[in-house]
Amino acid sequence: MQDKIRVFSGNSNQKLAISICASLGVKLGAARVRNFSDGEIMVEIGENVRGRDVYIIQSTCAPTNSNLMELLIMADALKRASAATITAVIPYYGYARQDRKAAPRTPITAKLVADLITTSGVDRVVTIDLHAGQIQGFFNIPVDNLYAAPVILSYLKSRFEGQPVVMVSPDAGGTERARAFAKRLGCTLAVIDKRRTGPNVAEIMHLIGDVRDKVAIILDDMVDTAGTLTQGAKALKENGAKAIYACATHGVLSGPAIERINNSDIEEIVLTDTIPLGERQEQTDKVKILSVADLLAEAIKRIHQDESVSSLFV
């Protein structure tokens, strides 16, 4: 496998890429990504990739446009260097929330990004917890949408074994995800029903389910500004939850997110390293990071060896 496989990384996920390479037993490929003085991105591949199966590790997180362009330019460079196959491993797929026309005369940017990635020369996409599963259908190439659930569940089982736990969905749309976690943890389920009384008026929280004297764990796919999360935590506290935790796959944590988390009733928020937090992690002691490196390494290994990856979807 070491002779045929090459793993490269853009600037967004270098630490994760190094961990993936360590799990695979290969070296991180030599690639130089730099910017000209006017901001244009230049990629130079520093080794032979002719006839190799190449994997690019790159989340399209903030700065989203720069990271997306890095991915596209690196794919083009590898295609022109005669790589046999190019797989884009995108732990966090940016623009995923723009997956439909939510209002007149608005774009479906998730589809546009899919077209750009395909046109750049990518043969396959591997990602984790797409915000909307139907985005897989935006591609005309194979897409493996893995789930971080096994990584998060393993931590939750060891962390809260023997304690009365309730999984909480922060909205009606996330109920199916929270139910799946509750089933595997053998615990109960609660749902927060959010309602607005008018435009720009504070939300009223209605809690469906019993959380009194239990450890409440709010589950979501991503945490952006943390408004929904911290409001939900407040509602759980008012309804008698003994302790409040949260977990999500993608820690976007933009704007006032860190400040809101620090000032909230949440004791700990569990995230994965699909998005590197950098300096933001030093601004709070409430964040616990779990790595998806082994999960992605196993997916890469199975794809390279033409084996099934379906068991990784559980």
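1. Let's start with residues 5–121, whose end C-alpha atoms sit 17 Å apart. The span is 33% helix and 22% strand; helices (H or I, at least four residues) and strands (E, at least two) are DSSP runs, numbered from the N terminus. UniProt, in an unreviewed entry, gives these residues the feature "domain: Ribose-phosphate pyrophosphokinase N-terminal". UniProt positions follow the numbering used here, feature names are shortened, and annotations may be inferred rather than shown by experiment.

2. A word on what you are looking at: this is a predicted model, where local features need pLDDT of at least 70, side-chain atom pairs count only at pLDDT 80 or more, and totals for chains, interfaces and linings use all residues. Residues are numbered from 1 along each chain as its sequence is written, and side-chain values use heavy atoms, with hydrogens and water left out.

3. Now strand 1 (residues 5–9). Five of its five residues are buried, so strand 1 is largely enclosed by the rest of the structure; buried means under 20% relative accessible area, exposed over 50%, and partly exposed in between (1.4 Å probe, protein chains only). In a regular strand the side chains alternate between the two faces of the sheet. Here Ile5, Val7 and Ser9 point one way, while Arg6 and Phe8 point the other way.

4. Strand 1 runs parallel to strand 4 (residues 53–57), and five bridges join them. Two strands pair if DSSP finds at least two bridges between them. Ile5 has Asp53 as its bridge partner in strand 4.

5. On to the largest pocket, with a volume of about 480 Å³. Of its 25 lining residues, the closest to the centre are Asp129, Tyr147, Glu176, Arg177 and Phe181. A pocket is an open set of points on a 1 Å grid over the protein atoms alone, where a 1.4 Å probe fits, with protein on both sides within 12 Å along at least five of seven lines; lining residues have an atom within 4 Å of a point. Grid points are joined across faces, edges and corners, and the volume is the space filled by probe spheres set on the points.

6. Where does the largest pocket lie? Domain 1 (5–146) and domain 2 (149–290) both give residues to its lining, so it lies between them; the bounds come from an automatic or database domain assignment. Helix 5 gives the most to this lining, with five residues.

7. UniProt lists His131 and Asp171 under "binding site" in an unreviewed entry. They are spread over 41 residues of sequence but cluster in space, the largest C-alpha distance being 14.1 Å. His131 is part of the lining of the largest pocket. You'll find His131 in the loop between strand 6 (124–128) and strand 7 (143–146), partly exposed with a relative accessible area of 35%.

8. Some backbone details to check. Most residues other than glycine have a negative phi, and most peptide bonds are trans. Ala62 and Pro63, though, are joined by a cis peptide bond with omega about -5°, and Pro63 lies in the loop between strand 4 and helix 2 (64–80). Tyr95 is not a glycine, yet has a positive phi of about 70°; Tyr95 is partly exposed at 26% relative accessible area. Asp306 also has a positive phi, near 55°. Asp306 sits in the segment after helix 8 (293–304) and is exposed, with a relative accessible area of 72%.
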